[in-house]
Structures are given as C-alpha cells and as structure tokens.
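Visitor: Hi, could you walk me through this one? I'd like the fold, then some individual residues.
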Amino acid sequence: MAAGLITYDASGNVIIDTTKNIGVLIQLYENVSANASYTISGLTSKGTPFAFVIPTGSYTASSQFNNPSVSFAGNTVSWTYETKSGATNIICNIYVGVR
C-alpha cells in the first residue's frame, strides 16, 4: 500500500498526490548568457533530472535571440546556445531538479 499525501479541491479533484512523480528543485543558475556545464554531486542518485529555462528580460522577437538547450550526462548539466546569425543570447535563469 502506498503512503503519502493527497489533497483535493472542493469538487473532489486531486490537486497534489505525493505518491506520484513530483519534482524537487536542486539547483538554480542565475543570469546565464553563455554556454556552460556544471557537475551536481549525486544528481542521478536523487532521481531523473529535468531542467527548465526562464528568460530574465523581455524578449519580443525570437528570431533576434539565441535560446539555450539544456542536456544531462550523468551528474553533469550543460547548456548550449543556438547560433543564429546576428542574434544575441538571451539572459535567463536555468532551474535544475529531479523527479
């Protein structure tokens, strides 16, 4: 039998079920604007890694900006900006977590 916390809204719909996959944030990289990679000790032993990118500024024309692509290899998280001619890299925060 599974154990955990389940919360419901007023209509009886499940809002949170801790017996399912819920992500936990592990690391935040702030004001990123260049390619980089970092090792997070024990990352893969904590679960399946994930990442999401949030731009820190206001960017209106995506063709004028390069976005980072995040990848994982073992305990290492890396991001590489695309290289569109004449475009500049967006400044963003990269959140890394596990589920």
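Predicted model: local features only at pLDDT ≥ 70, side-chain atom pairs only at ≥ 80, totals over all residues.

Visitor: What radius of gyration does the protein have, and what would a compact globule have?
Guide: The protein has 18 Å, whereas a compact globule of 99 residues would be near 13 Å. That radius is taken over C-alpha atoms, and the globule rule is 2.2 Å times the number of residues to the power 0.38. The C-alpha trace spans about 55 × 35 × 15 Å along the principal axes.

Visitor: And what share of the residues counts as buried?
Guide: Of the 99 residues, 19% are buried. Buried means under 20% relative accessible area, exposed over 50%, and partly exposed in between (1.4 Å probe, protein chains only). The protein exposes about 6500 Å², with 50% of it supplied by carbon and sulfur atoms; such areas come from the Shrake-Rupley method with a 1.4 Å probe, and for residues only the protein chains shown count as cover.

Visitor: What about contacts between residues at least 6 apart in sequence?
Guide: Among those, 63% join residues at least 24 apart. Contact here means heavy atoms within 4.5 Å.

Visitor: On to rings. How many aromatic pairs are there?
Guide: The structure holds four. Rings of Phe, Tyr and Trp (its six-membered ring) pair if their centres lie within 6.5 Å; planes under 30 degrees apart count as stacked, over 60 as edge-to-face and the rest as tilted. One of the pairs joins tyrosine 38 and tryptophan 79, a tilted arrangement with 5.7 Å centre to centre and 35° between the planes. Tyrosine 38 sits in strand E4 (residues 36–39) and tryptophan 79 in strand E8 (residues 76–81), 41 residues apart, and the pair links these distant parts of the chain.

Visitor: Are those two buried or exposed?
Guide: Tyrosine 38 counts as partly exposed because its relative accessibility is 40%. Tryptophan 79 is at 2%, so that residue counts as buried.

Visitor: Why is the pair of phenylalanine 52 and tyrosine 95 called stacked?
Guide: Their ring centres are 4.9 Å apart and their planes are at 10°, so the pair is stacked. Phenylalanine 52 lies in strand E5 (residues 49–55) and tyrosine 95 in strand E10 (residues 92–98), so this pair ties together parts that are 43 residues apart in sequence. Phenylalanine 52 itself is partly exposed, at 35% relative accessible area.

Visitor: Which residues do ring pairs link into a cluster?
Guide: Tyr29, Tyr38 and Trp79.

Visitor: Back to tryptophan 79, then. What is it in contact with, beyond neighbours within four places in sequence?
Guide: Tryptophan 79 is in contact with Tyr29, Val32, Ala34, Asn35, Ala36, Tyr38, Pro68, Ser69, Val70 and Ile94. The C-alpha atoms of tryptophan 79 and asparagine 35 are 5.6 Å apart, though the two residues are 44 apart in sequence.

Visitor: Switching topic: where is aspartate 17, and is it buried or exposed?
Guide: Aspartate 17 lies in strand E2 (residues 14–17). It is buried, with a relative accessible area of 17%. Not counting residues up to four places away in sequence, aspartate 17 touches Leu5, Ile6 and Ile22.

Visitor: What's the phi of asparagine 31?
Guide: Phi of asparagine 31 is near 50°, a positive value in a residue other than glycine. Most residues other than glycine have a negative phi. Asparagine 31 is in strand E3 (residues 24–32) and is exposed, at 53% relative accessible area.

Visitor: Last one: which residues does phenylalanine 72 contact, leaving aside neighbours within four places in sequence?
Guide: Phenylalanine 72 is in contact with Leu43, Pro49, Phe50, Ala51, Val77 and Val96. Phenylalanine 72 belongs to strand E7 (residues 68–73) and is partly exposed, at 29%.

Technical notes. Residues numbered from 1 in each chain as written. Heavy atoms only, no water. Helix = DSSP H or I, 4+ residues; strand = E, 2+ residues; numbered from the N terminus.
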